[in-house]
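Let's take a walk through a protein fold together, one piece at a time.

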Amino acid sequence: MTSMLKLGTALALMLAANAAAAQDYTMRLSHGDNENNPTHKGAVKFEELVEEYSDGRIDVQIFPSNQLGSEQEVAQALRTGSIESEILYTGNLVPLAPSVGVMMLPYAFTSTDQAHAAMDALKEPLNERLPQEAGVRILGYFEKGFRVLTNGEREVKTLDDLQGLKIRVSKNNIAIETFKSWGLDPVPMAWAEVFPALQQGVIDGQENPYTTAISSKFYEVQDYITEIHYLIWSGPIIVSERFYQGLPEDLQDVLNRAGEEAAQYERKVSAEGTEAAKKELVDLGMTLSGAPEDEEKWQEAAQALWPEFSDDIGGQEWVDEATQIMNEAMSSDLSQ
């Protein structure tokens, strides 16, 4: 072998070694929304930050629209470490990690500022519990605004107006029981079935954030919007604890930093998107009723259920601890 050939071979091996070292870890990130949704935009920001802060040692690969499986299926895969990370609706994590359910207590907060304060204050206490409960930990908390009620039958300005409507809710006990407390027989239904069910009249309405109403084109099959404030759409960026613990400490710090910063970015995108979606839905012909005229009745009925939910979300002792943390954080945020 000539000296030039040997030199070329050595250089090729060196470049291959450097390329391998440059991407020490692959981190697949799954979520259920399309690419126009704030969730995906936050995921892209997370990818950029992780790859920048890790100097390319972590290669984040995003899989939107449930390409890797449903939210609960992927969360199960995170437990074993066969998938590395996910952004999912809090309600879909509760069956595996009951403690996160405190974020779903109806009317625990009624403004986005309160919700952000509560999310940020609960992140570390939850990370003391979730690795054992579900084999995951939270890197940051996304939100997409409060879930608003849409329907195709009539304006809903009071609880009386709500009666008799067939409303789809997600398959979690808190949402189901909350709507029951308002006098309805809600229809739990998988997300993929919602639009055709609205189109065919199987259900009259649903509840989701404004941005989801736009990205899912609900304006094609719904006419009325009511701004109930019982629950904000919250979605943590979770990472497999097995994957996380397999990283060196400096890369764990990268994920923590990127998760927090991506969450702050996504919340701004969400706020802008919510206002734009709200205006667009009205421009497209939907009637916006605002908050219910008797919202205190909705709130009283829903909050009366809190003791019934404690066993499903980590036990009464944890609920008491978590609600105290949230209330202190919200009070501190309001005083600043």
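**A sheet and its helices**

Start with helix α5, which lies across β4 and β10 and runs at about 170 degrees to β4. Axes are lines fitted to C-alpha atoms, for helices over the stretch in contact, and angles run from 0 to 180 degrees between N-to-C directions. Contact itself means heavy atoms within 4.5 Å.

Before going on, know what you're looking at: this is a predicted model, where local features need pLDDT of at least 70 and side-chain atom pairs count only at pLDDT 80 or more, while totals for chains, interfaces and linings use all residues. Residues are numbered from 1 along each chain as its sequence is written, and side-chain values use heavy atoms, with hydrogens and water left out.

Now for the sheet under that helix. In what order do the five strands of the open sheet come? The order is β2-β1-β3-β10-β4, with mixed pairing. Two strands pair if DSSP finds at least two bridges between them. At the edges sit β2 (58–63) and β4, each pairing on one side only. On average, neighbouring strands here are turned by 20 degrees against each other, direction ignored.

Zoom in on β10. With β4 it pairs in the antiparallel sense over eight bridges, and Tyr 141 has Pro 236 in β10 as its bridge partner. Three bridges join β3 to β10, and these two strands also run antiparallel; here Glu 86 has Ile 238 in β10 as its bridge partner.

Is β4 enclosed or open to the outside? It is largely enclosed by the rest of the structure, because 11 of its 11 residues are buried. Buried means under 20% relative accessible area, exposed means over 50%, and partly exposed is in between (1.4 Å probe, protein chains only).

Another helix, α2 (residues 38–53), lies across β1, β2, β3, β4 and β10, running at about 170 degrees to β2.

**Looking down the helices**

Back to α5 (residues 112–127), where you'll find Lys 123. Is Lys 123 buried or exposed? Its relative accessibility is 9%, so it counts as buried. Leaving aside neighbours within four places in sequence, Lys 123 is in contact with Ile 138, Leu 139, Gly 140 and Glu 260.

Next, turn to helix α3 (residues 71–80), where Glu 71, Val 74, Ala 75, Ala 77 and Leu 78 are buried. Why do they line one face of the helix? Seen down the axis of α3, they fall within an arc of 160 degrees, so they share one face. The arc is that of the directions from the helix axis to the C-beta atoms. Among the parts covering the buried residues of α3 are β1 (25–30), β3 (85–87) and β10 (232–240). After α3 comes Gly 81, whose phi is positive, near 85 degrees.

Leu 96 is in contact with Gln 72, Ala 75, Gln 76, Arg 79, Glu 133 and Ala 134, leaving aside its neighbours within four places in sequence. With a relative accessible area of 13%, Leu 96 is buried. The C-alpha atoms of Leu 96 and Glu 133 are separated by 6.8 Å, though the two residues are 37 apart along the chain.

**Rings and charges**

Finally, look for aromatic rings. How many aromatic pairs does a search of the whole structure find? It finds eight. Rings of Phe, Tyr and Trp (its six-membered ring) pair if their centres lie within 6.5 Å; planes under 30 degrees apart count as stacked, over 60 as edge-to-face and the rest as tilted. Phe 179 and Trp 182 make an edge-to-face pair, 4.9 Å centre to centre with 65 degrees between the planes, and both residues are buried.

Trp 191 and Phe 218 are edge-to-face because their planes are at 85 degrees, with the ring centres 5.9 Å apart. Trp 191 is partly exposed at 35% relative accessibility, whereas Phe 218 is buried at 1%.

Lysines meet rings too: the charged end of Lys 144 sits over the ring of Trp 233, 4.1 Å from its centre. A charge sits over a ring if NZ of Lys or CZ of Arg is within 6 Å of the ring centre and within 35 degrees of the ring normal. Lys 45 lies over the face of Tyr 265, at 4.9 Å from the ring centre.

How values were computed
Helix = DSSP H or I, 4+ residues; strand = E, 2+ residues; numbered from the N terminus.
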